[in-house]
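Biologist: I have the sequence and the coordinates open side by side. Could you walk me through the fold, starting with the overall picture?

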Amino acid sequence: MAILSTDALTLKFGGLTAVNGVSLAVHRGEIFSIIGPNGAGKTSLFNAVSGVYTPTSGAILIEDMNSCRRISAALIFGLMASGLLTAFGFLLIFHIAALWHAVITARFVFRQSFDWLGALEAIGHYAREQPLQTLIFPMLLGATTGTLGALSVWRGSRRSPEVCASFGLSRTFQNVRLFPQLSATENILIGMHRRLSSNFWSSLLHLPGMKRQEKTSKAKAHELLAFVELEESAERAAGSLPYGYQRRLEIARALASDPKVLLLDEPAAGMNPTESVQLMQLITRIKERGITVVLIEHDMKVVMGISDRIAVLDYGNLIAEGTPAEVRCNPLVIEAYLGTGAHSE
């Protein structure tokens, strides 16, 4: 079963097509690698999947989350309609007592038909008598409130890194992005913020629930540090750690959000052979925890050694997909990496 999939995903930057109609399906519990020459569109694909970029077209699905929610004419119309309806609502609230008296009380007679035409005329007469500001102010206030409210709902439901994280997708980046002055433990605690339930008041007042959650979070942070074999560096500043340790710490921070899918963007970049072997072992242990791993990597020893399936991109196009053995012998892959006379020119 696909836990993460793309359907004809396209990402363009002006006239440049970074990802061109790529359809992939990542199965639950596998290590899925994406490879290709520099500039093939691998990181752009990651950025689209993780919500950093909005796809130009196509769709991304993280289990039941459809991703491609974009600003469109229908969305703009919906925001305007919401603002207009709220504006009339505010206008009615501001004038409800006077309108009720002018329209209903003055015209209602028990057991006689209501004079609807006269009521409409009374509303028009009432509106003409009101100072302009008493009509414009509630309309503007209502329109602003309604539009901002609808926009807030849309932003909360659209694809973004925060929404992706809440649906169980976490990632690392090509360049290490830690908080260098904070300790290793504190960096991991930051990665847990999407899963914490304490709020401003519980933190300010140090309520028992917040204290329990803080204790549990620290215990989990130390468990993750032990998992990536960094428990002895728990209190060291992240910026003082060796490069390989920083890579593992970044992976631990990504795991802190309890992801279903972990995206690793060139985790072996800059590592020596020993560190690469340790990384392979770590990724295998992550898979054993039931987490699906999607990997971008140039180190073919790492890719071929741990991948269940591999997809190959070239100039934004998907040119091959299959097991390591199938991809290794694919002539299109060989051409993309080694080139021919025509290709290299």
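**Overall picture**

Modeller: Of the 345 residues in the protein chain, 40% count as buried. Please keep in mind that this is a predicted model.

Biologist: How many helices and strands does the protein chain have?

Modeller: The protein chain has 14 helices and 10 strands. Among its contacts between residues at least 6 apart in sequence, 70% join residues at least 24 apart.

Biologist: Let's take the sheets. What is the order of the strands in the open sheet of 6 strands?

Modeller: The order is β6-β7-β8-β3-β9-β10, and the pairing in this open sheet is mixed. From one strand to the next, the twist averages 20°.

Biologist: And which strands stand at the edges?

Modeller: Those are β6 (169-171) and β10 (317-322), each of which has a single partner strand, so one side of each is left without a neighbour in the sheet. For β6 the pairing with β7 is parallel and runs over 3 bridges, with R171 standing opposite L263 in β7.

Biologist: How many residues of β8 are buried?

Modeller: 5 of its 5 residues are buried, which leaves β8 mostly covered. T292, V294 and I296 point one way from the strand, while V293 and L295 point the other way, and all of them are buried. In a regular strand, the side chains alternate between the two faces of the sheet.

Biologist: Which strands does α10 lie across?

Modeller: α10 lies across β3 (31-35), β7 and β8, and it runs at about 150° to β8.

Biologist: Staying with α10, how does that helix sit against α9?

Modeller: The axes of α9 (residues 243-255) and α10 (residues 273-288) come within 11 Å and cross at roughly 10°. Angles under 35 degrees count as roughly parallel, and α9 and α10 are therefore roughly parallel to each other. The contact is made by G244, R248, I251 and L255 from α9, together with E275, Q278, L279, L282 and I286 from α10. By class, that contact has 5 nonpolar, 2 polar and 2 charged residues.

Biologist: Which residues touch the most other members of the largest nonpolar core?

Modeller: That core has 34 residues, and the ones touching the most other members are I188, L249, I251, L255, L262, I283 and I286. The elements giving two or more residues to this core are α6 (184-191), α8 (208-227), α9, β7 (261-265), α10, β8 (292-296) and α11 (300-306). In soluble globular proteins, nonpolar side chains tend to be buried together.

Biologist: What does I286 touch, leaving out residues up to four places away in sequence?

Modeller: I286 touches F227, I251, L255, L262, I291 and V293. Of these, I251 and L255 are also on the α9 side of the contact between α9 and α10.

Biologist: What about the other core, how many residues are in that one?

Modeller: Another core, of 26 residues, lies apart from the largest one, and among its members are A18, V22, V26 and A48.

Biologist: Does T86 count as buried, partly exposed or exposed, and why?

Modeller: T86 counts as partly exposed because its relative accessibility is 23%, and buried would mean under 20%.

Key. Residues are numbered from 1 along each chain as its sequence is written. This is a predicted model: local features need pLDDT of at least 70, side-chain atom pairs count only at pLDDT 80 or more; totals for chains, interfaces and linings use all residues. Side-chain values use heavy atoms; hydrogens and water are left out. Axes are lines fitted to C-alpha atoms, for helices over the stretch in contact, and angles run from 0 to 180 degrees between N-to-C directions. Helices (H or I, at least four residues) and strands (E, at least two) are DSSP runs, numbered from the N terminus. Angles under 35 degrees count as roughly parallel, over 145 as roughly antiparallel, 65 to 115 as roughly perpendicular and the rest as oblique. Contact means heavy atoms within 4.5 Å. Ala, Val, Leu, Ile, Met, Phe, Trp, Tyr, Cys and Pro count as nonpolar, Asp, Glu, Lys and Arg as charged, and the others, Gly among them, as polar. A nonpolar core is a set of buried Ala, Val, Leu, Ile, Met, Phe, Trp, Tyr and Cys residues joined through side-chain atoms within 4.5 Å. Buried means under 20% relative accessible area, exposed over 50%, partly exposed in between (1.4 Å probe, protein chains only). Two strands pair if DSSP finds at least two bridges between them.
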